[in-house]
Amino acid sequence: MKETPLSNCEKRFLLRAIEERKRLDGRQCYDYRNIRISFGTDYGCCIVELGKTRVLGQVSCELVSPKPNRATEGILFFNLELSPMASPAFEPGRQSELLVKLNRLLERCLRNSKCIDTESLCVVAGEKVWQIRVDLHLLNHGGNIIDAASIAAIVALCHFRRPDVSVQGEEVTLYTPEERDPVPLSIHHMPICVSFAFFQQGTYLLVDPSEQEERVMDGLLVIAMNKHREICTIQSSGGIMLLKDQVLVCSKITGVKVAEITELIQKALANDQKVRKEGGKFGFAESIPNQRITAFKIEQSPIDTDDVQEQAEEIIAKATPPSEALANPVLWAPGTAQIGEGVENSWGDFEESEKEEEEIPEEKSPTTEDQTMEMGDTSVGTKNKKDETIVLSDSEEEDVIILEPEGAQKNRAETSYKQDITSKKTGSKKKRKSYSHKKH
Amino acid sequence: MAASAPRLAEKRVGQVVMPGDVLLLPAQPDADGERLRLAPVGPQKGRLVCGPGLRRGPEGLLVTKCGLLRYRGPAGQAGGGTGSGSGGTYWVDSQQKRYVPVKGDHVIGIVTAKAGDIFKLDVGGSEQASLSYLAFEGATKRNRPNVQVGDLIYGQFIVANKDMEPEMVCIDSSGRANGMGIIGQDGFLIKVSLGLIRKLLAPGCEIIQDLGQLYPFELVLGMNGRIWVKAKTIQQTLIVANILEACEHMTAEQRKQAVAKLSES
């Protein structure tokens with residue numbers, strides 16, 4: 001997808017506005033857009049917003065063997081990606097000129113300035129060192145990618161914690177975060193890029209150009225500096241002639257801006273640290289509402305429960321009593337016996353169980369009705385009824401006489417009835433119902 | 001999921017719909033049958049139009065965009081889904097930025113190339129639109145319009161479908177410009193969402209009336225989300241452009257306050 005071309009009328013208007021010292025978003029010439037830093041739930045993850053430009057930074061680490069010429073130094077790796085998500089003009093998987101330029105500038109700003117102590121990333125000299133990888137993704141392109149990317153990279157690096165390792169002789173132990181707290185990287189200073197856009201052969205100068213301003217600018221000057229006012233990188237592109245004074249003015253402005261941004265970064269890091277310690281919501285999680293259900297729907301469907309009782313009674317009345325056929329007693333275990341698959345209980349304890357249940361019906365009958373209502377479906381209700389009839393003709397499993405030790409009971413459960421549990425439930429129900437029938 | 005349960009389209013007018021939702025249409029098989037028997041030829045009166053964001057599915061209307069479901073009655077008056085059942089238009093009022101050319105839409109295009117007899121225009125769609133140099137008012141083979149690459153052109157689509165390159169003209173059916181043509185060199189172009197453009201173009205839009213009380217300004221609204229503004233000075237143009245951009249996320253109250261504040265200063 002091609003980039004939307006800039007019309008002549010926009011170009012003219014922008015240049016005239018700059019001549020009048022006015023910017024589209026109402027900023028002054030030396031003003032930055034609003035910077036917002038938020039952190040992810042994991043260490044080493046952050047999103048930096050510079051106006052409408054958003055960059056996601058993620059740091060990861062890996063134990064690798066070092067480069068042969070630098071046996072005691074860890075490896076730093078930076079990678080900025082411009083996906084079509086940021087702007088339709090960016091093509092996926094293509095190294096555009098802009099991307100190469102930005103990546104190179106980032107490396108110069110962060111690696112060549114030696115802001116990270118690479119010696120401390122060494123585990124076993126010549127054998128194992130940490131490779132720190134900084135992945136930066138542009139989420140939205142609103143101009144001045146390099147400033148946002150450099151802030152995101154340094155913030156992510158400051159936020160990152162690598163797993164702790166210990167070396168005892170030949171043995172290297174890597175500790176999980178549960179065993180030992182991960183350790184932060186040692187960072188000497190924080191270089192931050194500040195971009196200046198020049199218009200009309202350097203007559204006009206703007207800090208932090210927006211996307212539209214970038215498209216009409218003549219030249220760009222990027223200065224990377226840390227808060228100690230040490231210049232880490234300086235790069236001028238676009239082929240404009242700059243005077244010594246202009247560069248000096250720019251470096252002075254950079255010093256002020258870097259001090260402001262560094263303070264903001266430190267505040268954001270300290271804030272995140274505090275919230276993490278307190279166990280509150282941190283990272284992107286703070287923007288997510290606390291388990292709030294945003295959409296919920298209950299669809300009502302009417303269930304006819306009026307004549308359930310009558311129907312059940314009718315079925316019970318119509319049902320034929322279980323056959324009196326007596327099967328051979330089955331000996332499950334020494335001292336226990338079962339007759340048939342389920343025959344009317346003629347044992348003494350039957351009386352007791354009936355008595356127990358006698359008290360229940362009044363309480364229980366509404367609950368069963370509730371149950372069918374909760375199921376919310378008439379078909380379920382009818383199924384229930386069907387079940388009852390089946391169990392009835394099947395005769396009472398519940399009343400099977402079992403006088404066996406625990407182990408044997410298990411054995412029985414395994415071998416015989418699948419309906420064991422359901423029948424127990426329905427069996428009691430039915431019994432109660434027959435009871436009420438008798439009462440009537 | 002509750003969202004996937006088919007619901008009657010009438011009941012959901014004015015509610016939020018999501019892509020994948022199925023909207024049921026009131027069944028009218030017997031009415032259709034009768035009509036077919038009585039008048040086999042001629043347009044059906046109760047014809048239902050399936051607008052943007054909706055697609056005809058096997059069960060009913062399939063929603064393809066998220067937004068508010070809208071309905072307009074068959075006679076053009078806002079029916080509001082009052083059980084008229086037959087006819088009318090359903091569409092989804094969604095917020096999007098990507099423009100898809102529609103026949104008859106008035107848009108602002110940027111000239112990207114001059115290729116022989118035609119100009120290529122960027123309209124924000126997936127493909128560039130073509131515009132013949134003869135499609136201007138009073139243009140003849142000898143009298144060519146003065147169009148440069150990078151110019152803004154306000155025109156209308158006469159061909160816009162998914163299989164062909166869209167084509168624009170700057171004249172109406174009687175050959176008059178009717179406001180279309182090249183837009184002047186001054187002024188500023190801003191891009192807003194398509195929803196805001198529709199809001200601004202709605203009859204009796206308050207935003208433009210409110211802004212008109214501030215200063216006099218010229219305004220061209222393209223259905224492709226582009227707005228060209230020109231006021232007396234750069235400052236005034238910037239103010240109008242910024243208010244129009246901000247209108248997207250402002251309530252009527254906030255807007256009135258902002259305008260009042262500006263008119264004081």
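A residue counts as buried when its relative accessible area is under 20%. By this criterion, in the predicted model examined here, strand S10 of chain B, which spans residues 118-122, is mostly covered, with 4 of its 5 residues buried.

Strand S10(B) has pairing partners on both sides of the sequence. With strand S9 of chain B (residues 106-115), S10(B) pairs in the antiparallel sense over 5 bridges, and within this pairing Lys120(B) of S10(B) stands opposite Ala113(B). The hairpin formed by S9(B) and S10(B) has 2 residues between the strands, and Gly116(B) in this hairpin takes a positive phi near 65°. In the hairpin that joins S10(B) to S11(B), 6 residues lie between the strands, and Gly124(B) adopts a positive phi near 90°.

In chain A, Asp208(A) has a phi near 50° and lies in the loop between strand S12 (204-207) and helix H4 (211-216). Asp208(A) is classed as buried because its relative accessible area is 0%. In chain B, Asn178(B) has a positive phi of about 55° and is located in the loop between strand S13 (167-169) and strand S14 (181-183).

Definitions and conventions. Residues numbered from 1 in each chain as written. Chains lettered and ligands numbered in written order. Predicted model: local features only at pLDDT ≥ 70, side-chain atom pairs only at ≥ 80, totals over all residues. Heavy atoms only, no water. Buried < 20%, exposed > 50% of the residue type's maximum accessible area, 1.4 Å probe, protein only. Pairing = 2+ DSSP bridges.
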